[in-house]
Amino acid sequence: MRSLGTVLKKLTKKGNIGLIASVALLTVVMSLAYPNFLTLFNIEITAMGFIQEALMALGMTLVIISGGIDLSVAAVLPFTAIIVGLLLKTSLGVWPSIAIALGVAVLIGFINALMINKLRVFPFIATLATATMLRGVALVITEGATISGFPTAFYEIGHGRVYGIPVPVIIFLVLAVLFALLLKNHSYFQQVYFVGGNAKAAQLSGIKVNRLRYVIYGISAFMAGLAGIITASQYVSASTGFGLNSDMRVITSVIIGGASLSGGKGSIGGTIWGVIFLAIISNAFVQSGAPTYWQDVVYGGMLLAAVFLEEYLRARGRKAKMKSWREFLTSG
Amino acid sequence: MVASVLKIKGISKSFGVHKVLHDIDLEIAKGEVHALIGENGAGKSTLMKIIGGIHRPDTGSIEVDGESVAFSNPQAAMAKGISLVHQELSLVPNLSIAQNVFSQREPTNWLGFVKWDELHKRTRELMERLGVDIDPATMVAELSVGIRQLVEIAKALSMDAKILVLDEPTSALSEKEVETLYRIVDDLKAAGVSIIFISHKLPEVFRISDRISVLRDGRMIGTVKAEDTDTDEIIHMMVGRSIEEMYPPRASSVGETVLSVEGLSRGDELSDLSFELKKGEILGFAGLVGSGRTETARAIFGADPVDAGTITLHGRTVKFKSALDAINHGVCYLTEDRKDLGLFLTKNVRTNIVSSSLKKFASQLGLLQHSGIEDTAKYYVQHVKLRPADDKPLVMNLSGGNQQKALLAKWLCADPQVLIVDEPTRGVDVGAKTEIHSHLRQLANSGVGVIVISSELPEILGLCDRVAVFNEGRITAVLDGEGTTQEDVMKYATM
Ligand SMILES: Nc1ncnc2c1ncn2[C@@H]1O[C@H](COP(=O)(O)OP(=O)(O)OP(=O)(O)O)[C@@H](O)[C@H]1O
Ligand SMILES: [Mg+2]
């Protein structure tokens, strides 16, 4: 028994063990039930179906580790798509348009941070307000119409391939590696853990918490903007309907990936597993032809199950003594 | 006289209408150990936070090496060579020791990426200097309060400060660790570092410091050379009258057994522990840090599972399923770490005091009777001599020692039959300490069984009727409090 305990403890120290096992199990079940599940074609479909969420989840991981939340991503996505759509109709050119649209996205992130820093609004409220307003503004700008008719150079972003791999997937992989390296090993990004783990201690050890928040929310909004541009290119149009409910899927992936809403905990690796997990479930719906209305029900259930499983394994793996007072009290 | 590295002139500070520092002057010489003492709430930590750039003074000036400075944040103070070990631990639990020690100053390559090997090596060296052999990658959450304190000290040492402020560094340390700390302070002093040392333990203050400054009610009473003064004079300066450090008389008679523990065992932490607690007595748990005292208390309280052993309360075998269960049975436990379990920091004193006894104040419908709550809270505020004597401030804003008093008030209010107190006078000033001792004695006299865990031997010997000595998870002796010497206890604690 003791050796099982220590093995469990070792594994849970690495984190995400429950999640990785679930992904493996799901993969086995799916490939037995649907022989084409593990084909390159289907893997690509699965990946592309979730690429927006995947990109946004990278930024959201930073936000959640820092103890915050960003509900505005699902609105920044269509907003950026619309901005880039409008700019592409001018004579600016593709790259300047993209740059400006991303700049606008980052600015929205700064506004989020500004509200949190200066007005002392909770991140939940600040970003919810931003989301609501952005959706409204997007409707005002477009009057509800879809913008379309973009140059081919723009079309390539969503449809091009390098060595046979879709460009959006490459963008994601590069950014994922970059984010993982930075968050794990870079001294600047280590601060994110400090701020989320103990904001007061962070301030005492000289972390400029407010400044860091601009960076974090700026990055999150940038990722949502990038997702918006990719979406616009994929659909060769821009509409206010893009990204609906993607915020909840993004947050779910990050939490399933082991981050905690109270901050200080989480990793890019975990988030990526979380994204893969949700993507496979989404693909399972496509494959089985089950009504997709059920998809969100399953996501919600999975969120609960994942959190429960991690907690359970951790409790099993940990030495009984390590149970903290708080856990003990709340169990009573 | 050597040149001053730090010169403070006319510092005043108010929080709202409450003026906590009045026109403070203080000079610290190069390479001296300067003790700063005063009662709980006198303003010691506040003054240090001003020096450390955490609070800004309302008036007054600070000079470092003759250069006038105004710190707008902690970094500015660190840049001038001032580093603070805070009274309230300020580490990030989910990160490693190394990450905490070198927070913001990690060795990095030119791209800013952390050099983990070097980081761990340097942390290991620092911790070894403090006499601890531990993996620098260990999460802080897994460490005991004592080790956390050492991590804080390592953090301050790593900054190579010119002025090192230690705000009650020894309150969570065992004797051995304290000795190591003294040695390090001596080394630093020899290297020309100035140290400001805050403590409520006067013997330690005399052992370590060159000069002593005393604060009372936010005013600087004076600075004296340690060799020219004595405990009585210092206490007089602190409280404006003399206090006899007297322990209350011991129990004249004890009643029947309230709590008895038989063969308590778990792994190699607790082996076959047995003892009895009688009605009306104070039983002390003495021993080194890690000898199983806190573990035993937690096991009784039901916080940790045990492999074997029975706990009998009033003749009935009990096994508490939760903290609430224990409290409902009249067993209360004042924990060693007041921040973790003890207090709701963002709530006011009143709420904290009644928080474990809300049932007492509920009408038949379960509605709270606020007038009763107010009266009771006010009573306990007076009873434990809380400063300020008010039940409305947020606990967060109380001084460290007053938080400890608030925690005691909370458990006194819960009407326990068995009260276990773990380090009850940690960070409490001399006067209040005597008060707390007499509260515990009164409680015992009223028929409550009291267990006191303390690392301060004089406290254990002065206060307790009997003393159980712990050694590596066993009780090696149960001695009478009367007539036992510290040497006797140490013999059983280390044999
Ligand atoms: N942030 C704050 N807001 C309001 N009041 C405060 C704040 N910080 C401290 N105080 C008050 O200032 C006074 C001095 O507190 P301080 O912490 O400096 O005392 P201390 O001398 O360090 O006491 P102790 O020995 O108990 O640590 C106390 O009355 C305390 O309640
Ligand atoms: Mg203090």
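Which side chains meet in a salt bridge at 2.9 Å, N to O? They are those of B:Asp210 and B:Lys189, a salt bridge being a side-chain nitrogen of Lys or Arg within 4 Å of a carboxyl oxygen of Asp or Glu.

## Basis of the model

This is a predicted model, in which local features need pLDDT of at least 70 and side-chain atom pairs count only at pLDDT 80 or more, while totals for chains, interfaces and linings use all residues. Residues are numbered from 1 along each chain as its sequence is written, chains are lettered from A and ligands numbered from 1 in the order in which they are written, and side-chain values use heavy atoms, with hydrogens and water left out.

## Salt bridges

Over all chains, the whole structure holds 24 salt bridges. In chain A, the side chains of A:Glu53 and A:Arg249 form one at 2.8 Å, N to O. A:Glu53 belongs to helix H4 (residues 51-65) and A:Arg249 to helix H13 of chain A, so the pair ties together parts 196 residues apart in sequence; helices (H or I, at least four residues) and strands (E, at least two) are DSSP runs, numbered from the N terminus. Both A:Glu53 and A:Arg249 are buried, where buried means under 20% relative accessible area, exposed over 50%, and partly exposed in between (1.4 Å probe, protein chains only).

In chain B, B:Asp210 is partly exposed at 28% relative accessibility, and B:Lys189 is partly exposed at 26%. Another salt bridge of chain B joins B:Lys278 to B:Glu276, with the closest N and O atoms 3.4 Å apart. Salt bridges that share partners also link B:Arg350, B:Asp390, B:Asp391 and B:Lys392 into one network.

## Interface between the chains

Chain B gives 42 residues to the contact and chain A gives 32, contact meaning heavy atoms within 4.5 Å. About 3,200 Å² is buried between the two chains, with carbon and sulfur atoms giving 60% of that area; buried area is the accessible area (1.4 Å probe) that two parts lose on being put together, summed over both.

There are 0 salt bridges between chain B and chain A. The count of residue pairs in polar contact between them is 8, both residues at pLDDT 80 or more. A polar contact is a pair of N or O atoms within 3.5 Å; within protein, one must be able to donate a hydrogen and the other to accept it, and residues adjacent in sequence count only if both atoms are side-chain atoms. On the side of chain B that touches chain A, the elements giving two or more residues are helices H2 (74-79), H3 (97-101), H9 (293-301) and H11 (338-342) of chain B.

## Magnesium site

The magnesium ion (ligand 2) has B:Ser45 (OG) and B:Gln87 (OE1) as its protein donors, at 2.0 to 2.1 Å. Donors are N, O and S atoms within 2.8 Å of the metal (3.2 Å for Na, K and Ca), and water is not among the atoms, so sites may look incomplete. Both B:Ser45 and B:Gln87 are buried.

## Two loop residues

B:Asn40 lies in the loop between strand S3 (33-38) and H1 of chain B, and counts as buried at 6% relative accessibility. A polar atom of its side chain is 3.0 Å from the backbone oxygen of B:Gly427.

A:Ser262 is in the loop between helix H13 (246-256) and helix H14 (268-288) of chain A, and counts as exposed at 61% relative accessibility. The side chain of A:Ser262 makes a polar contact with that of A:Ser260 at 2.7 Å.
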